[in-house]
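Here is a short briefing for a first look at this protein. Have the sequence and the 3D view at hand.

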Amino acid sequence: MSTPVPRDAPGPDLPTGLYDSLSEALRSRPRHAGEAHAALREADRLLSLLDTHLRAGGLLPEPWRFAGSGRDG
(Lines give C-alpha, C1' and ligand atoms only; values in the text may rest on other atoms or scores of the structure.)
Protein backbone atom coordinates (compact mmCIF):
# COMPACT_ATOMS: atom_id res chain seq x y z
CA MET A 1 0.00 0.00 0.00
CA SER A 2 1.47 3.36 -1.02
CA THR A 3 1.43 6.42 1.17
CA PRO A 4 0.86 9.70 -0.64
CA VAL A 5 3.69 12.24 -0.67
CA PRO A 6 2.71 15.45 1.11
CA ARG A 7 1.91 18.00 -1.61
CA ASP A 8 2.97 20.97 0.52
CA ALA A 9 6.65 19.92 0.53
CA PRO A 10 7.67 19.01 -3.04
CA GLY A 11 11.06 20.75 -2.93
CA PRO A 12 14.41 19.18 -3.79
CA ASP A 13 15.09 18.46 -0.10
CA LEU A 14 12.09 16.10 0.12
CA PRO A 15 13.75 13.03 -1.41
CA THR A 16 17.00 13.58 0.48
CA GLY A 17 15.09 14.04 3.73
CA LEU A 18 13.13 10.84 3.13
CA TYR A 19 16.31 8.97 2.25
CA ASP A 20 18.08 10.23 5.38
CA SER A 21 15.13 9.40 7.64
CA LEU A 22 14.81 5.94 6.08
CA SER A 23 18.52 5.31 6.61
CA GLU A 24 18.24 6.35 10.26
CA ALA A 25 15.23 4.07 10.80
CA LEU A 26 17.10 1.12 9.29
CA ARG A 27 20.20 1.78 11.40
CA SER A 28 18.24 1.85 14.66
CA ARG A 29 19.13 -0.74 17.28
CA PRO A 30 15.84 -1.72 18.94
CA ARG A 31 16.05 -2.99 22.52
CA HIS A 32 12.95 -5.17 22.29
CA ALA A 33 10.39 -6.53 19.84
CA GLY A 34 8.06 -3.54 20.26
CA GLU A 35 10.79 -1.10 19.26
CA ALA A 36 11.81 -3.35 16.36
CA HIS A 37 8.23 -3.45 15.10
CA ALA A 38 7.92 0.33 15.35
CA ALA A 39 11.22 0.84 13.52
CA LEU A 40 10.18 -1.49 10.70
CA ARG A 41 6.78 0.20 10.36
CA GLU A 42 8.47 3.61 10.18
CA ALA A 43 10.99 2.35 7.61
CA ASP A 44 8.14 0.91 5.54
CA ARG A 45 6.25 4.21 5.71
CA LEU A 46 9.30 6.21 4.64
CA LEU A 47 10.18 3.80 1.83
CA SER A 48 6.60 4.05 0.56
CA LEU A 49 6.83 7.85 0.55
CA LEU A 50 10.17 7.78 -1.28
CA ASP A 51 8.85 5.22 -3.77
CA THR A 52 5.75 7.30 -4.48
CA HIS A 53 7.87 10.40 -4.96
CA LEU A 54 10.24 8.65 -7.38
CA ARG A 55 7.44 6.98 -9.36
CA ALA A 56 5.85 10.40 -9.80
CA GLY A 57 9.06 11.57 -11.51
CA GLY A 58 10.53 13.36 -8.51
CA LEU A 59 14.21 14.06 -8.01
CA LEU A 60 16.51 11.37 -6.70
CA PRO A 61 17.88 11.75 -3.18
CA GLU A 62 21.13 13.73 -3.24
CA PRO A 63 23.40 10.71 -2.55
CA TRP A 64 21.95 8.99 -5.62
CA ARG A 65 22.04 12.06 -7.87
CA PHE A 66 25.81 12.20 -7.77
CA ALA A 67 26.57 8.47 -7.70
CA GLY A 68 28.97 7.60 -10.49
CA SER A 69 29.68 11.22 -11.36
CA GLY A 70 33.16 11.10 -9.87
CA ARG A 71 32.09 13.62 -7.26
CA ASP A 72 33.00 12.72 -3.67
CA GLY A 73 30.20 13.14 -1.25
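The crossing of H1 and H2 is left-handed. A crossing gets that name if the near helix is turned anticlockwise from the far one by less than a right angle, and is right-handed if clockwise. This is a predicted model, where local features need pLDDT of at least 70 and side-chain atom pairs count only at pLDDT 80 or more, while totals for chains, interfaces and linings use all residues. Residues are numbered from 1 along each chain as its sequence is written, and side-chain values use heavy atoms, with hydrogens and water left out.

**Overall make-up**

- The protein has three helices and zero strands. Both are DSSP runs, numbered from the N terminus: helices are H or I with at least four residues, strands are E with at least two.
- Along the sequence, the pattern reads α-α-α.
- Of the 73 residues in the protein, 22% are buried. Buried means under 20% relative accessible area, exposed means over 50%, and partly exposed lies in between (1.4 Å probe, protein chains only).
- Take the contacts in the protein with a separation of 6 or more: residues 24 or more positions apart account for 67% of them. Contact means heavy atoms within 4.5 Å.

**How H1 and H2 pack**

- H1 and H2 pack at an angle of about 155°, and their axes are 9 Å apart. H1 is therefore roughly antiparallel to H2.
- Axes are lines fitted to C-alpha atoms, for helices over the stretch in contact, and angles run from 0 to 180 degrees between N-to-C directions.
- Angles under 35 degrees count as roughly parallel, over 145 as roughly antiparallel, 65 to 115 as roughly perpendicular, and the rest as oblique.
- On the H1 side, the contact is made by Leu 14, Pro 15, Leu 18, Tyr 19, Ser 21, Leu 22, Ala 25 and Leu 26. H2 brings Ala 39, Glu 42, Ala 43, Leu 46, Leu 47, Leu 49, Leu 50 and His 53.
- The residues of this contact comprise 13 nonpolar, two polar and one charged. Ala, Val, Leu, Ile, Met, Phe, Trp, Tyr, Cys and Pro count as nonpolar; Asp, Glu, Lys and Arg count as charged; the others, Gly among them, are polar.

**The nonpolar core**

- Eight residues form the largest nonpolar core: Leu 14, Leu 18, Leu 22, Ala 25, Ala 43, Leu 46, Leu 49 and Leu 50. Helix H1 (13-27) and helix H2 (33-55) are the elements that give two or more residues to this core.
- Such a core is a set of buried Ala, Val, Leu, Ile, Met, Phe, Trp, Tyr and Cys residues joined through side-chain atoms within 4.5 Å.

- Leu 18 sits in helix H1. Its relative accessibility is 10%, so Leu 18 counts as buried.
- Beyond its neighbours within four places in sequence, Leu 18 is in contact with Leu 46, Leu 49 and Leu 50.
- His 53 belongs to helix H2. It counts as buried because its relative accessibility is 9%.
- The C-alpha atoms of His 53 and Leu 18 are separated by 9.7 Å.

- Thr 16 is in helix H1 and is buried, at 13% relative accessibility. Neighbours within four places aside, Thr 16 is in contact with Pro 61, Glu 62 and Arg 65.
- Tyr 19, also placed in helix H1, is partly exposed at 23% relative accessibility. Leaving out neighbours within four places, Tyr 19 is in contact with Leu 50, Pro 61, Pro 63 and Trp 64.
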